[in-house]
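Here is a short report on a two-chain model.

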Amino acid sequence: MLLSELAARAKSEGVSLGQMAVRLESIEAGVPAEVITAKVRSMLKVMKEAVEEGLRDPARRSRSGLSGGDAAKVARRLTLGKCFPGNDLLARAISYSLAVSEVNACMGKIVAAPTAGSCGIVPGTFFALKEALSLEDEALVDALCAAGLVGQVIAEKATLSGAEGGCQAECGSAAAMAACGLTQMGGGTPEDCIHAAALALKGLMGLVCDPVAGLVEIPCVKRNATSSAVAIASAEMALSGVRSFIPPDEVISAMAQVGRSIPESLRETSRGGLAATETGRSVASKFGSVSSTLDRQG
Amino acid sequence: MPGLFDVLGPVMIGPSSSHTAGAARLGKLARILLGEPPRAATITLHGSFAATYKGHGTDLALVGGLLGFSTDDERIREAFEHARRQGLGVTIRTGDLGNVHPNTVRFDLVGANGKTLSMAGSSIGGGKVEVFEIEGLPVSISGERPTLVASYPDRPGVIAAITAVLARERINIATMRVTRSGKGKTAIAVLETDQDIPEKVLDEVRAIPGMDDTKVLRPE
């Protein structure tokens, strides 16, 4: 299905994009709408817990020792009032996105949205905006459904897999989903929402997937934070009436085409980009020598 | 178009849907196919699983799955400790399993009562998995639908007997595949169904004369 069709249908039926997503899923899965929203609500709860967990213990590190503690650094600067003036929403979104991604790296519980590697962007931006606008949970549930709908269209027309399309397919898609949800929570029309998604996808188009030592840590954790900033910028533009000159569905097709053009070395194989730097390679070689508990047993 | 929950979710223990969530699912499928709690497991990791398992916690997830943990079970982080407490001995090794998906694992299991299982499967992305070999025989099991896995000595009439039970219980077969090691030798039938297969129905299938072993995999 096309985003333009979905937005037009939502407008003519007088529903939000999120409600449209629930209607479609209800028909497809053959279950009542309440079952769908209950499941989304339970995911939102896990997302909220992940934000909180990620800020709880600044000393917690991932199994590799490569991730942890950065969400707390940004949160502390925010608490001390040291962030750039008027930048609270962005700083909070950055901190929350890092928090969720660090929880993921530390084998905590997260919701893949759309993937585990990009799991910080949607909850990070959503809960930051919730606090800024004092939104009810139900607004976030509806926005999460709208975000999901954008992801569904990208999955159908392009890909959500870093191995297939690079990081633009993971963090880029997550930013597009988040931008759509943020725009809906900001009072935007379905048309505004799909343009926000397109603007975010354009902003991150071509982003490669180059994880150091093959782990979902460097640069994934921090790319979640920078992608959240793109999502917020895109929502601000769309809510101001800015439009993507290239229609959203064409942007998705372009992303798919770009993904196919990205060399294999930059699609999750850890053979190029940051993974192939001197430091990246030294981490990878060091990492291979780390012994797990079970090796001693076996 | 993929469903809403193909994009949102799974709810999982990080850090990777393919290297952690999919690994836990494969472990759990192996436990169910073994049919009893495992007491010894040799786990062979191939390709990307072999290269990155320590950092992704793939080993923890596989062992967690063998202990019956779901993808979102936080006990996965301490899976080795739980394995020790439950008397499961684990050997992890890496190896070349041939021309298979990069994220592939083989389990060689011994159960508490002496049952054994050899199973190979791949984590094919987004937490989805495919079991492609049981006891050396080619199969294709995703675990996303209720799945009946029956093994028996190859002879005429067994498939008819199984499908008769399902038909009587109004359980619709979505897909079906039968494979065997040779004429008259061990055969495995895998039937995916649209409705759940209750224990009562499973008992009826188990009661078919000559049936060795029958399991049901249920989606979570």
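## Interface

Chain B and chain A of this predicted model bury about 3,500 Å² between them, 65% of it on carbon and sulfur atoms. Buried area is the accessible area (1.4 Å probe) that two parts lose on being put together, summed over both. The contact (heavy atoms within 4.5 Å) takes 49 residues from chain A and 35 residues from chain B.

One salt bridge is found across the interface. The rule asks for a side-chain nitrogen of Lys or Arg within 4 Å of a carboxyl oxygen of Asp or Glu. A:Arg63 forms a salt bridge with B:Asp59, with the closest N and O atoms 3.0 Å apart.

## Conventions

Residues are numbered from 1 along each chain as its sequence is written, and chains are lettered from A in the order in which they are written. Local features need pLDDT of at least 70, side-chain atom pairs count only at pLDDT 80 or more, totals for chains, interfaces and linings use all residues, and side-chain values use heavy atoms, without hydrogens and water.

## Six-stranded sheet of chain B

Helices (H or I, at least four residues) and strands (E, at least two) are DSSP runs, numbered from the N terminus. Six strands of chain B form an open, mixed sheet in the order E3-E2-E4-E5-E6-E7. Its edge strands are E3 (89-94) and E7 (137-141). The twist averages 20° from one strand to the next. Strands E6 (residues 128-134) and E7 of chain B pair antiparallel over three bridges; pairing requires at least two DSSP bridges. B:Glu133 has B:Pro138 in E7(B) as its bridge partner.

Two helices of chain B lie across strands of this sheet. H3 (residues 47-56) lies across E2, E3, E4 and E5, at about 110° to E2(B). Axes are lines fitted to C-alpha atoms, for helices over the stretch in contact, and angles run from 0 to 180 degrees between N-to-C directions.

## Four-stranded sheet of chain B

The order here is E9-E10-E8-E11, open and antiparallel. Strands E9 (173-180) and E11 (213-217) are the edges. Five bridges join E8 (residues 147-153) to E11(B). B:Thr147 stands opposite B:Leu217. H2(B) also lies across E8 and E11, at about 150° to E11(B).

## Helix pair in chain A

The axes of H6 (residues 121-133) and H7 (residues 137-157) of chain A come within 11 Å and cross at roughly 150°. Contact residues include A:Phe126 and A:Phe127 of H6(A) and A:Leu140 and A:Leu144 of H7(A).
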